[in-house]
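Subject: Structure handover

Hi,

Here is the structure for you to open. My notes follow below.

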Amino acid sequence: MLHFFQSCAHKLGLSATRCPVCTSVMPDASESVCSACAREIAPRTGGYCPACGTVSGIADAPPTQCPDCRHSPPPWDTLMFHGIYEGLLRELVINYKFTGNIGQSTLLGTMVCETFARAHARIPDCIVPVPLHTRRLQKRGFNQSLELSRLLSRKINRPLLSHGLHRVRNTPPQTRLGHRERQENIRDAFVADRELIEGKNILLVDDVFTTGATLSECAITLRRAGASGTDVLVLARAVQD
């Protein structure tokens with residue numbers, strides 16, 4: 001549906017005063033999206049664990065660390081995410097990631113910047129996107145995590161290390177696997193460049209946090225390479241059953 005709207009907008013030559021998501025006319029051309037779409041992709045500002053992003057049922061409750069993270073903290077310092085991986089946000093991410101709709105980079109990159117600003121997080125020494133294996137990169141044509149990082153890198157004036165992490169194993173897609181299978185599948189799949197990473201506070205960026213297996217392995221790899229600290233920023237946090 002989203003791709004259909006965007007195709008129609010392109011064919012009709014709709015102006016920049018139309019919403020890039022649904023193509024409806026926007027009275028205020030300075031807004032990123034129309035008011036209806038803005039409501040659907042509004043950020044999650046409460047009711048979650050600030051360490052792992054586990055969501056509670058009360059959206060306006062203060063962020064509170066969950067029992068699992070109190071007992072066994074994740075291998076990063078803080079987690080930031082824009083919203084829950086559902087509805088229109090999920091549709092935007094899937095459309096961007098799997099249909100090559102690189103034109104959504106500005107919209108989604110702006111959401112990444114706003115997420116970072118809301119968190120009042122420490123300014124990192126550098127930004128490291130979660131990498132794709134060379135084969136998958138060739139197939140997809142772009143690394144969505146790298147593209148999502150570009151605008152933030154310029155916004156906070158910090159270097160973007162596109163080769164800070166390398167994916168050395170072409171693992172099966174994580175979406176096909178259960179939690180434990182994901183952990184085994186991704187183990188030792190990354191190598192960090194110690195010369196770039198050692199002694200640095202890193203901001204690790206990805207599109208979606210599902211079980212956290214990929215991000216955990218990346219954070220552990222960065223720590224082994226001498227990173228002094230790692231924060232994680234993702235667009236969306238999936239809700240596990």
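Is T23 buried or exposed? T23 is buried, because its relative accessible area is 15% (buried means under 20%, exposed over 50%, partly exposed in between, with a 1.4 Å probe and protein chains only). T23 sits in the loop between α1 (2-12) and α2 (35-40). Its phi is near 70°, a positive value in a residue other than glycine.

Before the rest, some ground rules. This is a predicted model, where local features need pLDDT of at least 70 and side-chain atom pairs count only at pLDDT 80 or more, while totals for chains, interfaces and linings use all residues. Residues are numbered from 1 along each chain as its sequence is written, and side-chain values use heavy atoms, leaving out hydrogens and water.

Overall picture. The protein chain has 10 helices and 6 strands (DSSP runs numbered from the N terminus: helices are H or I with at least four residues, strands are E with at least two). Of its 241 residues, 47% are buried. Its accessible surface is about 12600 Å², and 52% of that belongs to carbon and sulfur atoms (Shrake-Rupley method, 1.4 Å probe; for residues, only the protein chains shown count as cover).

The loop between α8 (179-186) and β4 (190-192) holds A189. D188 is in that loop too. D188 is not a glycine, yet has a positive phi of about 60°. D188 is partly exposed, with a relative accessible area of 48%. A189 is buried, at 0%. Leaving aside neighbours within four places in sequence, A189 contacts H166, R167, V168, R169, T171 and E217 (contact means heavy atoms within 4.5 Å). V168 is 21 residues from A189 along the chain, with 5.5 Å between their C-alpha atoms.

Now a helix pair. The axes of α5 (residues 105-119) and α7 (residues 144-156) come within 8 Å and cross at roughly 55° (axes are lines fitted to C-alpha atoms, for helices over the stretch in contact; angles run from 0 to 180 degrees between N-to-C directions). That makes α5 oblique to α7 (under 35 degrees is roughly parallel, over 145 roughly antiparallel, 65 to 115 roughly perpendicular, the rest oblique). On the α5 side, the contact includes L108, V112 and F116. On the α7 side, it includes L148, L151 and L152. By class, this contact has 8 nonpolar, 4 polar and 2 charged residues (nonpolar: Ala, Val, Leu, Ile, Met, Phe, Trp, Tyr, Cys and Pro; charged: Asp, Glu, Lys and Arg; polar: the others, Gly among them).

Best wishes
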